[in-house]
Amino acid sequence: MIEAKSQAEIAIMHESGRRLSGVMKLLYEAVRPGVSTLELDRIAENEIRKLGGVPSFKGLYGFPASICASINEVIVHGIPGKKTKLKEGDIIGIDIGMCYNGFHSDMARTFAVGTISDEDQRLIDVTRESFWNGLKFAKIGNRIGDIGHEVQRTAESAGFSVVREMVGHGVGKKLHEEPEVPNFGKKGHGPRLIDGMVIAIEPMINAGVKEGKTLADGWTFVTADGAKSAHYENTIAITQEGPVALTEFEVEL
């Protein structure tokens with residue numbers, strides 16, 4: 001069941017998203033060669049709790065950490081580790097969530113580690129662009145498929161592929177609510193967008209084939225061909241004034 005949020009609830013979620021965006025900014029500033037993903041996880045958890053929140057991911061379905069740290073060919077759900085250290089030329093997708101005053105916010109960004117190739121930067125840029133192009137269709141009366149269609153069109157027209165196994169979702173008192181929000185689809189298909197819906201739109205775009213596979217740890221989801229992948233996500237409120245991004249941190253380009 002899709003539940004619309006009241007203006008007061010959306011205001012709480014916006015504050016949650018504002019605080020979470022500050023956590024993402026700290027993580028962006030900490031990303032550099034030699035840093036372990038466990039260090040990034042500790043930064044995130046400490047700051048989330050300092051800001052009066054609880055990490056949404058830690059313990060969710062048994063996940064052991066506060067962030068997903070996904071390097072290079074890892075699409076999503078990379079588990080932070082002491083021995084997993086960033087190297088010059090890597091790209092890292094960081095996915096974080098926070099529960100604040102009973103409501104969740106969720107966001108992801110992909111960052112360069114030092115100097116990266118032009119093609120890797122293009123992958124990051126197109127992934128971000130696919131989100132913002134899809135967001136234009138997140139309006140009352142449109143359908144979920146309208147968003148996914150535009151995300152897919154943007155990514156595939158640039159020569160990249162769209163992950164099918166992992167999708168966006170509703171957000172609220174639970175981190176994952178209805179409806180599912182695929183990054184692909186057909187115009188005019190899927191649930192209709194209504195005033196007060198809050199959803200996470202999160203393109204996961206691959207440089208190679210669209211298929212992925214889960215590693216033996218049961219979490220880490222990687223590209224089937226070893227090509228790199230990028231991830232970009234914001235929590236969005238559907239309002240009478242149009243879509244509102246509740247998570248707002250952007251890297252200065």
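## Strand E2 and its partner

Strands E2 (residues 67–71) and E4 (residues 91–100) run antiparallel and are joined by five bridges. Strands here are DSSP runs of type E with at least two residues, helices are H or I runs of at least four, and both are numbered from the N terminus. Two strands pair if DSSP finds at least two bridges between them. Within this pairing, Ser70 sits opposite Gly93 in E4. This is a predicted model, where local features need pLDDT of at least 70, side-chain atom pairs count only at pLDDT 80 or more, and totals for chains, interfaces and linings use all residues. Residues are numbered from 1 along each chain as its sequence is written, and side-chain values use heavy atoms, with hydrogens and water left out.

How enclosed is E2? Five of its five residues are buried, so the strand is largely enclosed by the rest of the structure. Buried means under 20% relative accessible area, exposed means over 50%, and partly exposed is in between (1.4 Å probe, protein chains only). In a regular strand the side chains alternate between the two faces of the sheet. Both faces of E2 are covered: Ile67, Ala69 and Ile71 are buried on one side, and Cys68 and Ser70 are buried on the other.

## A three-stranded open sheet

Elsewhere, three strands line up in the order E6-E10-E13 as an open sheet with antiparallel pairing. Strand E6 (161–162) and strand E13 (229–231) are the edge strands, each pairing on one side only.

E6 and strand E10 (residues 204–206) are held in the antiparallel sense by two bridges. Look for Val162 opposite Ile205 in E10.

Most residues other than glycine have a negative phi, and most peptide bonds are trans. Which residues have a positive phi without being glycine? Tyr61 is one of them, with phi near 55°, and Asn101 is another, with phi near 50°. Tyr61 belongs to the loop between strand E1 (54–55) and E2, and counts as exposed because its relative accessibility is 60%. Asn101 is in the loop between E4 and strand E5 (103–112), and counts as exposed at 54% relative accessibility.

There's a cis peptide bond too, joining Glu178 and Pro179, with omega about 5°. Pro179 is part of strand E8 (residues 177–181).

Gly78 is another loop residue, found between strand E3 (74–76) and E4. Gly78 counts as buried, at 4% relative accessibility. If you want a distance to check, Gly78 and Ile194 are 33 Å apart in space, C-alpha to C-alpha, and 116 residues apart in sequence.

## Salt bridges along the helices

A salt bridge here is a side-chain nitrogen of Lys or Arg within 4 Å of a carboxyl oxygen of Asp or Glu. By that rule, the count comes to 14. In helix H2 (residues 37–50), Glu45 and Arg49 are four residues apart, about one turn of the helix, and their side chains meet at 3.0 Å, N to O. Glu45 is buried at 15% relative accessible area, whereas Arg49 is partly exposed at 43%.

Helix H3 (residues 118–135) holds Arg122 and Glu119, three residues apart, about one turn; their salt bridge is 3.2 Å, N to O. Arg122 is partly exposed at 34% relative accessibility, and Glu119 is partly exposed at 40%. In helix H4 (residues 144–157), Arg153 and Glu150 are also three residues apart, about one turn, and their salt bridge is 2.7 Å, N to O. Arg153 counts as partly exposed at 40% relative accessibility, whereas Glu150 counts as buried at 10%. Salt bridges that share partners also join Glu15, Arg18 and Arg19 into one network.

## A positive patch

Which residues form the positive surface patch? They are Arg42, Lys82, Lys83 and Lys85. Patches are made of residues with over 30% relative accessible area and no salt bridge, with like charges joined within 9 Å and nonpolar side chains (Val, Leu, Ile, Met, Phe, Trp, Tyr) within 5 Å. Lys and Arg count as positive and Asp and Glu as negative, while His and the chain ends are not counted. A charge is placed at NZ of Lys, CZ of Arg, CG of Asp or CD of Glu. The areas come from the Shrake-Rupley method with a 1.4 Å probe, and for residues only the protein chains shown count as cover.

Arg42 has its place in helix H2. Arg42 counts as exposed, at 53% relative accessibility.
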